[in-house]
Amino acid sequence: MTENGAAPAGSTPASSNLMMRVLAALVLAPLAIALAYAGGWIWAFLVTLVSIGLFVEWLTVVGAGKAGPTGAGTIALAVIGFCAALGWLTPVVLIAVLGFVCIALLAKEQRGWTAAGFLYAVAALVASVLVRQDPVNGFVALMFVLLVVWATDIGGYFAGRAIGGPKLWPRVSPKKTWAGALGGFAASLTVAGGFAAFGLGKAVPLLVLSAVLSVVSQLGDLFESAVKRRFGVKDSSHLIPGHGGLMDRLDGFVAAVLVASIFGILRHGVHSAGSGLMVW
């Protein structure tokens, strides 16, 4: 996602990059919200395609984009998406295990990293479907997670650029600052305040949840940065103008929605994960 505190605000390359980011966001954010609102097969289809894209980008980053693992992972993810959309959770688990074994056997290089990328994509797919699938609070819960991640991203970007200061973890992500991390954290709390103000949940639980998801989102961002640095890659791809690839754009969301889905399932069950997040 963002590299907060990236460059002086007046620099031409930074201004151009910011403009591309804004334009891309103005197109992609409303589209994501509309498809999330539609839910059902439309949302499941979207996240299945995105998860396949995440897997392909991961293989590219780690230098293991061979036909065998790529094809097996694509097929497995497509079937998992189909089963998850229908609520068939036992087949989801079985196909995920079978896919993991097949990919590990087919991978001739970077076997561990290749298999890990498949699990990363499966987690993103299943968590995104399960949170939205709640018939009562699925859309509200999904929007809460999305807005917390977006607020963390935007707040971190501008706070990092405006304040600068000490680096967060220079060995992994040399441009991220503590100011950006704290700015993103603070921005995420405004999302919880807004939901509570509109009667979409209780203020204190939502503030705690947004704080946790904001931190998790930033850890997901750092995790993806660490993977790219391990393999000497700057961007996972150039698919999204100003943002890089799907991994660059969704690293924080993948981590946040995974934690959110687990938390929601533990509270209200696998078919009411959204209510587990929003109902207190």
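In this predicted model, D248 is buried, with a relative accessible area of 2%. Its side chain forms a salt bridge with K228, and the closest N and O atoms of the two are 2.6 Å apart. This pair links distant parts of the chain, since D248 sits in helix α9 and K228 in helix α8, 20 residues apart. K228 also counts as buried, at 8% relative accessibility, because the cut-off for a buried residue is under 20% relative accessible area.

K228 has another partner to meet. The side chains of E224 and K228 come together in a salt bridge at 3.6 Å, N to O. Here both residues belong to helix α8 (residues 203-230) and are four residues apart, about one turn of the helix. E224, like K228, is buried. Taken together, E224, K228 and D248 are linked in a network of salt bridges.

Helix α9 takes part in a further contact of this kind. R249 forms a salt bridge with D153, with 2.1 Å between the closest N and O atoms. D153 lies in helix α6 (residues 138-163) and R249 in helix α9 (residues 246-268), so the pair ties together parts that are 96 residues apart in sequence. D153 and R249 are both buried. Across the whole structure, the search finds five salt bridges.

Turning to helix packing, two pairs can be described side by side. Helix α2 (residues 40-62) packs with helix α3 (residues 67-86) at an angle of about 155 degrees, and their axes are 9 Å apart. The two helices are therefore roughly antiparallel to each other, as angles over 145 degrees count as such. The crossing of α2 and α3 is right-handed. For helix α5 (residues 111-133) and α4, the packing angle is about 160 degrees, with the axes 8 Å apart. Thus α4 and α5 are also roughly antiparallel to each other, and α4 passes α5 in a right-handed crossing.

A nonpolar surface patch of about 530 Å² is made by V93, V97, F100, V101, L105 and L119. Helix α4 (residues 89-106) gives the most to this patch, with five residues.

Notes
Residues numbered from 1 in each chain as written. Predicted model: local features only at pLDDT ≥ 70, side-chain atom pairs only at ≥ 80, totals over all residues. Heavy atoms only, no water. Patch = residues over 30% accessible without salt bridge, like charges linked within 9 Å, V, L, I, M, F, W, Y side chains within 5 Å. Areas by Shrake-Rupley, 256 points an atom, 1.4 Å probe, with all protein chains shown as cover. Salt bridge = Lys/Arg side-chain N within 4 Å of Asp/Glu carboxyl O. Axes fitted to C-alpha atoms, helices over the stretch in contact; angles between N-to-C directions. Parallel < 35°, antiparallel > 145°, perpendicular 65-115°, else oblique. Left-handed = near helix turned anticlockwise from the far one by under 90°. Buried < 20%, exposed > 50% of the residue type's maximum accessible area, 1.4 Å probe, protein only.
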